[in-house]
Amino acid sequence: MSEDTGQNVLSVDDLSISFKTRDGSSKAVDAVNFHIARGETLAIVGESGSGKSVTCYSLLGLIPQPPGVIESGVAQFTSQGQQRDLLRSDKQALRSLLGNKIALIFQDPMTCLNPYLTIGEQLIEPLCQHKNHTREQARNRAIELLQEVGIKNAEARFTSYPHEFSGGMRQRVMIAMALITEPELLIADEPTTALDVTIQAQILDLLDKLKKQRNIALIFISHDLSVVASIADRVAVMRAGKIVEAGKTQQIFKQPRHAYTQQLLASVPSGAKPAQACQPNPQAPALLKIEHLKTVFEQGKAGLFSARPAPTIAVNDVSFELRHHEILGLVGESGSGKSTLGRSVIQLIKPTAGRVQLDGQELTQLSSKQLKPLRQRMQMIFQDPYASLNPRMTVFDTLAEPLLYHRIATRKNVTPRVLALMDDVGLAHAAIRKYPHEFSGGQRQRIAIGRAIATKPEVIIADEPVSALDVTIQAQILELILALVERHNLSMLFISHDLSVVRTIADRVLVMHQGQVIERGDTETLWAAPQESYTQSLLAAVPHL
Amino acid sequence: MSSPEINSTQQDIDTPPTPLAPAEKGSSLWRDAWHRLQKNKMALLGLVVMVAMCIIALLTPWITVYGYEEQNLLLGASPPSAAHWLGTDTLGRDLLTRILYGSRISLAVGFIATAVALLIGVIYGTVAGYMGGRIDAAMMRLVDILYALPFMIFIILLMVIFGRNILLLFLAIGAVEWLTMARIVRGQVQSLRQQEFVEAAVSIGLGPWAIIRRHLIPNTLGPVIVYTTLTIPSVMLLESFLSFLGLGIQPPQSSWGLLISYGVETMEEYPWLLIFPGLALSLTLFALNFLGDGLRDALDPRASKD
Amino acid sequence: MASCSPVPTSNFSHRLRFLSNLFCVISCLLLFACGNGENNVSTGLASQTLHWGNGAEPQELDPHIVTGIPEHHIIVGLLEGLVLKDPQTLEPIPGMAQSWDISDDAKTYTFHIRANARWSNGDPVTSADFVWSWWRALQPALGNQYAYMYYPIVNAEAYATGEIDDFSQVGVKAIDANTLQVTLANPTPYFLQLLDHYSMFPVHRPTIEKFGGPAERGTRWTRAGNFVGNGPFTLKQWDLNRLVMIEKSPTYYDADKVRLHAIRFYPTENVSTEERMFRAGQLHVTGSLPADKIAVYKKTNPQALRISPYLGTYFYRINTKIAHLADKRIRRALAMAINRQQIIDTVTKGGQMPAFSFTPPNTLGYTAENGFTEDIQAAKALLAEAGYANGEGFPPTDLLYNSNEGHRKLAVAIQQMWKKNLNVDITLNNQDWKVYLDSVTTGNFEISRAGWIGDYVDPNTFLDMWLTDGGNNRTGWHDDEYDQLISEAAPAAKVRAQRYAHFRRAEAILMDAMPIIPIFTYNSTHLIHPHVKGMPSNILDYASYKQIYLSED
Amino acid sequence: MARFIFMRLLQAIPVLLVVITVTFFLVRLAPGGPFSAEKAVPPEVLKALEARYHLDQPVVNQYLSYLGDLARGDFGPSFKYPGRSVNEMIAAGLPATTELGLYAMCFALLIGASAGVIAALKPNSAQDYIPMSTAMLGICLPSFLLGPLFMLVFGVWLEWLPVSGWGDIPGDKILPALTLASGYTAYIARLSRGGMLEVMSQDYIRTARAKGLPEWKVVLKHGLRGGMIPVIAFIGPAFAGLLSGSFVVETIFQIPGLGRFYVQAAFNRDYTMIMGTTVLFATLIIFFNLLADIVAVWLNPRLRDLYRGKGA
């Protein structure tokens, strides 16, 4: 594919890996070839389970063996002229490369730093290990590097513990840690996925800059095409363990050849909301009315801590209306309080102050008993389809529960109802007796949606309903939601951190920042001309194809 | 809360994409656990041993040849023989018979006391964990208080004072063990409460009891079962300690603990009087421990993804 | 900790280092411990130090307060009474008193105290010391449980129970510094025996008054360093539950005869451990031996085993207030249906003597006739007479014993015998010591295991307890003739033979009524290292330390 | 932190009060008094004794006066040992018990932790089963069996170590310590295994591996810390347990420890002694639980800051 294989740092040929499991062996990576030269960025793109991470980890002996088995392949790693096959070198040899010539950056900076050691200690480890620096030398180097990756007064921060850094900062530390031995190959596994868009943009820039300065080879693993577009020179698209298409970034994005690539691109949310049959009419009375809503969290176990941290104001004086048959988007970064707002509206969290009215009926003052009938009219869809379904209940139990509980159906006639619901959300009848863990993420979310619409509610609060899903699935679920909104004439508060998603689905948008709604308006108008600087930076940070 | 992509990449690393076989009948986590348990030979062995033990204990009165107090002074302590497979004790009583009858008591103590602990612990823990806030704080404070009581000492006191009443023994031991159980369950419930499926249940409008019954307790069962299998042995040991101090079971009844503490006295002259009861107890404890560990691994939620 | 150190791992490695150090220490300890072939016995031989398994921690060392045997073993080393016993014959020999005269009416004793008798601080031992000590011993406030040892003395009982409060009326008088005169209410042939009981030992007045009132319990005067005694040894060390050590007293009048340099008493409660200590050479003498070990030692190491008859009887006490047990035929039937020899051979295994009377045979020349014979047929007949032919309808009867493996085995065995021979059902009921005592003293039992150890070598110590108002009777049985024989006839008797005749008559009555079922005469069982010399056996299990010494041949 | 400790200490007061009250009335419910003996005690003597120890007064008065004495730190005189005050006996017994407990805990930690770590490195393999089952022997063989066994083997047969005693003969503390440790070794092994398994599956362990650190360094430096947290949490209560649970070992090896006193006291109805030991043990348990919590906090940087009240 690439021209000059001369200065390839890494070239992988016919790599095949399979995993032994209870139900036989399954191929995770199937005859994969790729190579990368210095100063080049290769993006490996694929959805979860496509084997993109396994591919890279297997090269470095970081996959558990067993169950993992490397069936075939060669991985030539070239450094200072000398070549060696990673797959055939012993642990000792690999270790001498790892964290030295080859470095990794992992996805979640929250869990990838050792919480019990100061970042300093963790930073200097590779130097002491490979370059046998003294602690003192290592320390100085580390501090320089920390400054370079943009950590202020590194001197002092050197002895801080990971939890004293924000997510973005931790990722910077991770990067410093990776680069401290001046590696020739850097593998970044979804380095920005766990971060907010604005931070994501910064980290991407940083990575790009450092790469250029040091002229190192960067393998960038991601599920997010739009992120890749901005950073990669070449892209390899993986699916079910195979590289289905590879080539220059431009070419991949402009004229994708393989069907799957096309599908991927197609399902990247972009553009405005498709016009709908019946638009919500602005004059209609608000179905849901929120006034001066405020939710405060008491922190700390009362009395036990020396000084109880000040209560955090998650939602601060928020007012808005949800009209009939409207999808209201609610965007914000993590910690902006958008989820709390959603939960406060549906009374999962008792708001501290303010009013929530459903059809003019005040909810905040009601006891859980009094709420019961109203809950039928207002339902919620949660973010994590893994956590939002009771693992001990079958699809049937999950869907039947609300029906029976609200006396919508009786034990006798509940089954057809459940089947109907399953049709609604596009689940095979065969699956009715199965348990959540037997489904893929997308299907689970379908079950969750099914449960939400079971009681024929008027309002649905969807909290990041698609952010846990792969793009293609994401697209399907979004479609489903739109369809259901149409069919059941629902009104929806759609909470998401992903602006492009919101744009494709919402009629109006609220932008939330630090507990407050700082900007609101019709989606397109807001996109066209954001007023607030924050909103502008937010939109600016969104990666585009 | 880490974002779900982690799970997927995690999957990338440690497991392959599992092709979704459309099975008509769903396999519950329990069946999965059972599969995993079958993989774990030691645990399986433990299970088999325990089941066997219980069956034999139940059948004892019908399968034993000798009465458990039936003595033969002239015979005295005799080593294993055709007539007495495990020999006889110093009063010429058949050891096998005594061990079998002892198993009834020991197992009974183990299971009943644990059951007591289980009952109190699970309910208490679930309520505390679910209610949270002040109620939880108060309830847990009580547990802390009880924790501070030197219970072994209280049991001794009780036994000395009110005589060796087996029922009292159950209650006393149960009263000690439920505390830990309550803590475990509470911890479980607290983490479950954060889970979205519980929120979902709330947003459906389910009442607290429905949620506790349908959503919380079933999901705490895993750890509870594990802890139970680990409590039974410690209870049996407790009983044997009391027996050693002469505070356990009333003779002529006997428990393994009692038999062992007698056996120790004469372990040089009549080693079989120590070895066989010792084996019986050790075997059971081993079985239960391995079973417990096996169950833990089998029921581990993280494992249950693959 | 974690926070204070700049480099976080260091404190962790600290912990590692600490642990590894500790490990080294421990392993060194192990190595050091191994290989040292020395043990108490070998070192003891050189230093003439006797290592003595004493059974339990002494409650106290105040002779007027304590009641137990472990205390006895220590106190007889520290203090000495007017007379001592000959370890062979147990006949009285001079102690603090080098001689004594007995008046013809056998009621007045005059003791001549040694001129060279000294307290361990050098003070001379005078008759005044005895008068004061005995006065103290009789103070009610002191709670002396052995006060009754004094009761043969004129007015002693009256004074002890507070009837009179003028001690001068009590029959104890200091004629001069070295002459003590004691007047008895009745001739009491065993009075000299009593004088060797620690409850009649003298105590050092200045010391006691230095640490508290004369009648004050538990002052510090008995502690090592404070204790002043007149015995062959002095108290050197007393570590609670660990060790009591006494050392040869230079001021003792007979010091040059005392060959042991020191005796170390260990509170060996756990008999199995004690036996192992003996085998490991940590003890010269053990307080007892587990029944199952006896056979082993008989085979492997007989010279170390010392089994000798003991002045005590193991018996079952019957509550004659219980309806069906009020019938003496039933009591006799039960007694006759026990095969004592078999029990001894298979359960107690100590070669004890089957008991057919209450007083042990040959108690200072006294032996009672057998009150009954083991005869199952006769027993059945008696039971039938009583209306329970072949045990039909015999009321369920409860056999009480205090939790103890030995008692339990015995009870089980007898239960089975009664079942087999008489077809009567006896239920076993064991209680903890204190609960058991409570039940027995309150008469809340039907049949209960019991044992009695003589306080002094005389039938009286066994027979006076069955008097109608005897505090230890507890059977509800009483017989006027018996009372008369014991409390009037026997004391009045002029010569021993006549006295013993009265006792025999009384014991015959007792055995005929059978309120108690004698099982066997106790044995004292010890392991004694061959090095230990000059320690003959006797029925009081009494050791005279001044004659004991350690030597290899 | 200070406030936290203070609160906990404050909580301890009612706890102790409960313990005291319950025990006080419980012991007096027991049949058989402290002075009953095989030989009948003459009534006048008994009266004198009861007067001496105020047992003739109404129970409530006894209770109140006891509380009064306790407040002054006076546990009263022992009934069984007239010459001794309970304070004195505790002073005599506690050191031995503590020392024994300390050694036992060290043994348990050394053996248990290493077994657990080794097992955790290769779960469900021989390397897992062998150390774990050996450690588990500790649980399965009750100390009253293990103790005599050790005595026999090392004391009588091999003659390596003394059979019994405390500080009389060098090495006489090893067997009891080992015996007492056995049970806890197994628990610690299990805990550390669990903890290590948990930690070794963490992302940051993968990070450490990605640095090319040798496996032992990954385990000891990055794994152990987190993995030992449950063990640390266990040590505190366990130590309290060791102290109050050492009576079996003390009885077997005849160690002049508190546990042995306690059991004797219970059997002898030595009221004041029972009270004294019970109160003491309760205090110890409370103290060590508190200690455990504090240590756990110091070990975890995040919690540490929380308690410092600084940003979390």
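**Notebook: sheet in C, helices in B, the C–D contact**

I started with chain C, where four strands make an open sheet of mixed pairing, ordered β1-β10-β9-β8. Strands here are DSSP runs of E with at least two residues, helices are runs of H or I with at least four, and both are numbered from the N terminus; two strands pair if DSSP finds at least two bridges between them. At the edges I find β1 (49-53) and β8 (233-239) of chain C, each pairing on one side only.

Before going on, I note that this is a predicted model, with local features needing pLDDT of at least 70, side-chain atom pairs counting only at pLDDT 80 or more, and totals for chains, interfaces and linings using all residues. Residues are numbered from 1 along each chain as its sequence is written, while chains are lettered from A and ligands numbered from 1 in the order written.

Back to β1(C): five bridges tie it to β10 (residues 262-266) of chain C, and the two run parallel. I looked up C:Trp52 and found C:Phe265 of β10(C) opposite.

Next, chain B: I get 11 helices and zero strands. Of its 306 residues, 54% are buried (20 or more other C-beta atoms within 10 Å of the residue's own, with C-beta atoms placed from the backbone).

Last, the contact between D and C (C-beta atoms, placed from the backbone, within 7 Å) takes 54 residues from chain D and 53 residues from chain C. Several helices of chain D each supply at least two residues to that side, among them α4 (86-121) and α12 (271-299). I sorted the chain D side into 33 nonpolar (Ala, Val, Leu, Ile, Met, Phe, Trp, Tyr, Cys and Pro), 12 charged (Asp, Glu, Lys and Arg) and nine polar (the others, Gly among them).

Methods. Buried ≥ 20, exposed ≤ 12 C-beta atoms within 10 Å, placed from the backbone. Contact = placed C-beta atoms within 7 Å.
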